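Please walk through the structure below, one site at a time. The text takes up the metal sites and then a sheet.

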Amino acid sequence: MQMLRERRNGTGGKGGSQMVQMCFGSRRNVSIPEKRVESLIDAARTDFEHLVLVNDNTPTLPLRFQAQIFDVFRQHLQTPVDEHLCEKDDPYEWIMFSLKGMIMLGTAFFERNAVNMQCFINCWPDIFKWLQALFVVREACDREGPYEKGRYTQLIGEAYNICLHIFPKALEEEEVIGLAIRVCIGDRFSNDEDHFILQPFLACMVQYEDITDVVSRSAEKMLEACDLTAEDLVDKIVARLKRTSTQTTPMDLQKLMQLANTLGNILYLHPSLTEACQRSSVGSCLVAILKVLMDKRNYSAHYKEAALSVLATICGCSSFRAPKFAHGIVEEGILILLPRAASLGSDPTCKTMAIGILDQLLSCLTYSADVVDICRDELRKIYSSNSQFVSMLDSSPKDFQVTWGSFIALLLENAVLRCLFKKSYAPENGTCANRDCRRLMARAKFMKCAGCAFTLYCSPLCQKAGWGSHRMRCKNLDGEHLNILRFRNQRLPRRMTTLHIQRYWTTIVRLSQEKGILLKHLAVRVSYDKFPFSMQVFDWRGALNEATKIPHLALAAETLHHSGGSQRNLILVLVHMQETDYPCIVFVEDKWTRGFRIPQATKDLERTTFVDDHGKPLVCEEVDALRVGVCLAKKYAVDMGKTVWDNAVLHRATEKVLEEFEQELLVDSNSVE
Ligand SMILES: [Zn+2]
Ligand SMILES: [Zn+2]
């Protein structure tokens with residue numbers, strides 16, 4: 001009644017005053033005087049129908065009314081949460097219309113000037129209070145309310161997005177992040193539909209360059225409150241991704257991208273979530289989805305974008321270089337996808353990410369025999385059965401091809417190395433830590449100190465004799481450094497490093513002379529975290545001086561300290577992998593590099609593997625069985641008409657190498673692996 005009266009008055013108008021177009025439900029575009037508009041807006045403070053009217057007209061009303069409109073919404077949002085609970089139908093419709101109106105005013109209004117912005121900031125606590133309340137009631141309202149389905153859910157996401165632009169600081173507050181994580185976890189409602197909202201979490205994450213303690217803590221709390229483990233949450237998101245990847249509408253693809261981004265962010269939230277994302281099952285699932293997206297026949301820009309976000313998530317997860325994850329993605333077929341993925345978009349992001357993934361796999365090759373084996377197996381299949389692969393690789397971006405070349409080179413080297421190790425090539429030696437003993441023999445025959453699991457003794461007697469000088473440093477180790485010393489997967493990298501150091505020995509000696517380091521003080525840091533790998537020489541006495549900061553290095557250096565430089569072929573080596581320095585003592589012998597010649601015809605197939613501190617390639621002068629084995633494998637592959645990854649080829653190459661080496665092995669037959 002009241003509204004009709006006003007409409008009539010409005011259309012009548014007063015002479016001279018400015019007219020404004022307003023839309024009244026079905027009657028479109030009625031001209032009414034400015035004064036009437038003001039009173040219509042004001043009526044929305046107490047009358048619901050007017051609130052709807054204002055809401056309908058918010059996008060089109062002249063800017064000068066917006067401050068007044070905002071004030072109406074603000075007033076409704078100030079209502080205490082429990083006040084509307086008992087009304088019938090949709091008890092929150094006042095609030096819903098106010099929030100929706102606020103979102104319609106949009107960033108343009110709030111960003112227009114400092115006053116408007118301050119209005120939003122002052123109002124935010126009320127907005128947030130209602131977001132929390134709406135989240136709790138949204139199941140029933142989204143399904144049974146009189147308006148469109150899912151609008152409560154929608155609204156919570158949109159409010160966060162506005163906040164991101166106007167008042168980003170709010171997104172750093174624990175409570176606000178908490179709700180964002182909570183809605184991202186979502187709920188399985190009674191009809192077994194999976195409900196979740198990702199925008200709030202993604203909006204919060206835009207806010208963070210680095211994940212802070214606040215975010216970590218919120219994530220932990222929310223998981224606990226929902227009685228979920230980190231694995232549960234990651235599995236939940238992966239399952240949603242899987243489900244969405246079978247849908248085809250642009251909206252589904254949008255959702256898929258959000259899910260991929262969410263997983264890519266969750267990865268960094270908390271150590272337990274990082275760990276959960278590193279599982280092989282997560283890797284294989286992501287690659288399976290990438291495959292689906294890349295194999296679409298009608299390849300639209302949407303698919304490309306979705307594939308890109310999945311690729312980014314794979315790249316993020318693999319940046320932790322966990323062998324488990326690497327195994328998962330390789331097994332599911334990432335290697336065959338990468339050349340295509342590198343050329344996916346016109347912008348260089350795809351290429352960068354494809355190269356990134358390959359680089360990270362390359363790192364994994366150095367410390368996981370498992371990854372070496374699965375990569376080799378995969379390449380054998382690709383090269384022997386997929387004729388298009390080579391042409392795909394040839395048409396991929398040039399820098400991708402360069403990384404691919406390095407990856408292949410290292411993989412082949414490590415595949416040969418694995419074969420050689422299986423046949424007892426270059427068994428590892430160790431030395432007794434008791435300074436009066438210093439016995440040298442096969443590493444496997446030593447006892448390890450029960451405390452640090454690092455220091456070796458040849459007998460209980462030697463351990464007793466050596467304990468006095470070892471005790472202090474061994475007891476000084478804290479949990480973190482003990483874990484480094486006890487790290488299980490050190491064997492392959494340690495043996496490989498030993499070979500690499502032997503192979504580059506002439507160069508290492510030259511580098512240490514340039515730095516004025518005496519051979520008896522020489523230590524080498526070999527970094528396998530980034531390709532090309534690097535070698536740096538340093539004086540291990542520095543580690544003793546900084547013992548409090550790096551107790552595990554000091555403990556390793558101590559072994560050399562006590563030897564008094566009498567055994568120059570013992571070198572302290574820091575193997576840098578997965579962003580950690582793992583110390584080890586290696587015994588350098590030239591017999592493993594003696595007497596080999598590289599077949600002339602295959603010499604040009606070699607590549608640079610190591611650089612120095614300044615990124616300058618290191619010259620490799622020594623030839624060892626490994627280098628010969630690689631060259632022979634390439635030669636035999638051609639001779640036998642097979643791929644170099646074939647078992648028969650690798651077997652024949654290593655047999656041939658060991659034949660040449662037989663004499664040395666006989667001499668060394670007492671040192672068993
Ligand atoms: Zn110890
Ligand atoms: Zn001993």
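Along the chain, the donors of the zinc ion (ligand 1) are spaced as C-x2-C-x17-H-x3-C. In this predicted model, those donors are C449, C452 and C474, each through its SG atom, and H470 through NE2. They lie 2.0 to 2.4 Å from the zinc ion (ligand 1).

What does the site tie together? C449 sits in the loop between β7 (447-448) and β8 (456-457), while H470 belongs to helix α22 (residues 460-476), so this pair links parts that are 21 residues apart in sequence.

Around the zinc ion (ligand 1), the four donor atoms subtend angles of 104 to 119°, which makes the arrangement tetrahedral. In general, the ideal angle for four tetrahedral donors at a metal is 109.5 degrees.

Now turn to the zinc ion (ligand 2). Its donors are the SG atoms of C432, C437, C458 and C462, at 2.3 Å. Their spacing along the chain is C-x4-C-x20-C-x3-C. Here the four donor atoms subtend angles of 104 to 117°, so the arrangement around the zinc ion (ligand 2) is tetrahedral. With a relative accessibility of 17%, C458 counts as buried. C462 counts as buried at 8%.

Which strands form it, and in what order? The sheet is open and has five strands, in the order β12-β11-β9-β10-β13, with mixed pairing. At its edges stand β12 (580-587) and β13 (610-611); each has a single partner strand, so one side of each is left without a neighbour in the sheet.

In general, strands of a sheet pair through backbone hydrogen bonds, and they do this either parallel or antiparallel. Strands β9 (residues 522-527) and β11 (residues 570-577) run parallel and are joined by five bridges. For A523, the bridge partner in β11 is L572.

A helix packs on this sheet: α24 (residues 491-503). Helix α24 touches β9, β10 (533-539), β11, β12 and β13. The direction of helix α24 makes about 120° with that of β11.

Technical notes:
Residues are numbered from 1 along each chain as its sequence is written. Chains are lettered from A and ligands numbered from 1 in the order in which they are written. This is a predicted model: local features need pLDDT of at least 70, side-chain atom pairs count only at pLDDT 80 or more; totals for chains, interfaces and linings use all residues. Side-chain values use heavy atoms; hydrogens and water are left out. Two strands pair if DSSP finds at least two bridges between them. Helices (H or I, at least four residues) and strands (E, at least two) are DSSP runs, numbered from the N terminus. Contact means heavy atoms within 4.5 Å. Axes are lines fitted to C-alpha atoms, for helices over the stretch in contact, and angles run from 0 to 180 degrees between N-to-C directions. Donors are N, O and S atoms within 2.8 Å of the metal (3.2 Å for Na, K and Ca); water is not among the atoms, so sites may look incomplete. Four donors count as tetrahedral if all angles lie between 85 and 135 degrees; four count as square planar and six as octahedral if opposite donors are over 155 degrees apart and all others between 65 and 115; anything else is irregular. Buried means under 20% relative accessible area, exposed over 50%, partly exposed in between (1.4 Å probe, protein chains only).
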